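Here's a quick walk through one protein model, with an eye on its rings, charges and nonpolar packing. Have a look at the structure first, then read on.

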Amino acid sequence: MSKRKMPIYLVGSFSITLVIGLIYLTIVIASGSFHMRKSKLVIETESASRAYSGMPLQESDWRLVDGELNGEHTLKVKVYGEQTSIGESPNYATVEILDAGGYDVTDQYDIELKLGTLEITRIPLTYTSDSAFKMYDGESLSAPYAVKSKGHTLRGHRSEFDDFAEVKTAGVHQNEFKVRILDEEDVDYTDYYDITYEYGELTIRYDRLEILSGSAEKIYDGTPLSEPKYTVKSGHVLPEHTLTVHTISQIDTVGMATNNMVVKITDQSGNDVTGCYELALNYGTLVVTPRRIVIRTADVTRSRREPAVEDYSIVDGSLVEGHQVVLQTYQSSVDQYSTIGRAENSVMWIYITTENMLNDVTNCYQIIYQHGYVEITE
């Protein structure tokens, strides 16, 4: 065989092999035995929410949250979710991907749809009932009146009220009621509204009691001051009821405090009926005034070189048992370094404490000073 014919044979063999290979690949793809790896796309539809209006709720927005398209491909998303009645549903969508020639190539992608929600909520409304008050007379009390205090009903809808509370017993009761929402043809739309009730109060009192707690005053003596007495200035409790008043305040140092009290009224069975009375409480006062003592310093005669004499006496009044005077600074205006002469023996500062100097109670005393004299000799 000629050497020149060898390359021609090799090229021919390669061409035949390539053609056979392409034919085989076409058969494999057509039979579905060969799978190309698809690009993944994650598409999310938006959510929306609003109160019921009778109109459909739609939200056409969507987002490609993950993945990329082939540069020649176009993504078309049609969002068609819709919610009209109270409740919620998915915001559905369909996805189509076209190539540059307008052919559908959607199956070349692995598409994941994350659906938002469309929610219709009830319309919020608040209704408030009226309040009423009277003294007990055995007759019933009611206040059949209410208003829409927050929110708005739909056009053509109206509010109807019924079942208002009616009470006869003394106390404070909620003015409960019911509301219905009807249209012009009396069709009930109450369930389309989220209704909040704010109840007024129906109050029946047996009587108005004005009570005054007692007042008291004393000079400080180290013991607490309290006053258990009280006066009912006006009003009466029913014969079968019992009034109990406890004053709860006390004061154990100099000053003034309100004489607070706790009032309770019970019926024959021991039930608390205090709320069935209108109470006007006036409080007395507890006052503790300072304890008066007069302290006199000693008369002293000494030489300049002798130490100062720290001596005093209580000449009027007395200390509370267990209290003691502590001399903070005691000094004459003429001391051992002064010239010879005579001057007032003055107390600069003293304070009074309880035993073992645990508490300073000086403010509980009115201290009056009387000064002796100091005479400095040679």
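## An aromatic cluster

Let's start with the rings. Y127, F161, F164, F177, Y197 and Y199 come together as one aromatic cluster. Keep in mind that this is a predicted model. Across the structure there are 13 aromatic pairs.

## Two stacked pairs

One of the pairs is Y80 with Y92, which is stacked, at 6.0 Å centre to centre and 15 degrees between the planes. Y80 sits in the loop between strand 4 (74–79) and strand 5 (87–90), while Y92 is in the loop between strand 5 and strand 6 (93–98), so the pair ties together parts that are twelve residues apart in sequence. Y80 is partly exposed, at 44% relative accessible area, and Y92 is partly exposed too, at 38%.

Y197 and Y199 also make a stacked pair, with 5.8 Å centre to centre and 15 degrees between the planes. Y197 is partly exposed, with a relative accessible area of 25%, and Y199 counts as partly exposed at 29%.

## Charges over rings

Elsewhere, R342 puts its charged end over the ring of Y373, 3.6 Å from the centre.

## Nonpolar cores

In soluble globular proteins, nonpolar side chains tend to be buried together. Which residues have the most contacts inside the largest nonpolar core here? They are L141, L202, I211 and Y277, in a core of 17 residues. Strand 18 (201–205), strand 19 (208–213) and strand 24 (261–266) are the elements that give two or more residues to this core. Strand 24 provides the largest share, three residues.

Zooming in on L202, and skipping neighbours within four places in sequence, its contacts include L141, A165, V167 and V172, along with H173 and N175. There's also a second, separate core of 16 residues, with I123, L125, A146 and F177 among them. F177 also belongs to the aromatic cluster.

## How confident is the model?

The mean pLDDT of the protein is 88, and 87% of its residues reach 70 or more. Two stretches deserve a separate mention. Over residues 1–11 the pLDDT stays under 50, and the model has two contacts for them beyond four places in sequence. Residues 28–35 are also below 50, with three contacts in the model beyond near neighbours in sequence.

How values were computed. Residues are numbered from 1 along each chain as its sequence is written. This is a predicted model: local features need pLDDT of at least 70, side-chain atom pairs count only at pLDDT 80 or more; totals for chains, interfaces and linings use all residues. Side-chain values use heavy atoms; hydrogens and water are left out. Rings of Phe, Tyr and Trp (its six-membered ring) pair if their centres lie within 6.5 Å; planes under 30 degrees apart count as stacked, over 60 as edge-to-face and the rest as tilted. Helices (H or I, at least four residues) and strands (E, at least two) are DSSP runs, numbered from the N terminus. Buried means under 20% relative accessible area, exposed over 50%, partly exposed in between (1.4 Å probe, protein chains only). A charge sits over a ring if NZ of Lys or CZ of Arg is within 6 Å of the ring centre and within 35 degrees of the ring normal. pLDDT is the predictor's confidence in each residue, from 0 to 100. Contact means heavy atoms within 4.5 Å. A nonpolar core is a set of buried Ala, Val, Leu, Ile, Met, Phe, Trp, Tyr and Cys residues joined through side-chain atoms within 4.5 Å.
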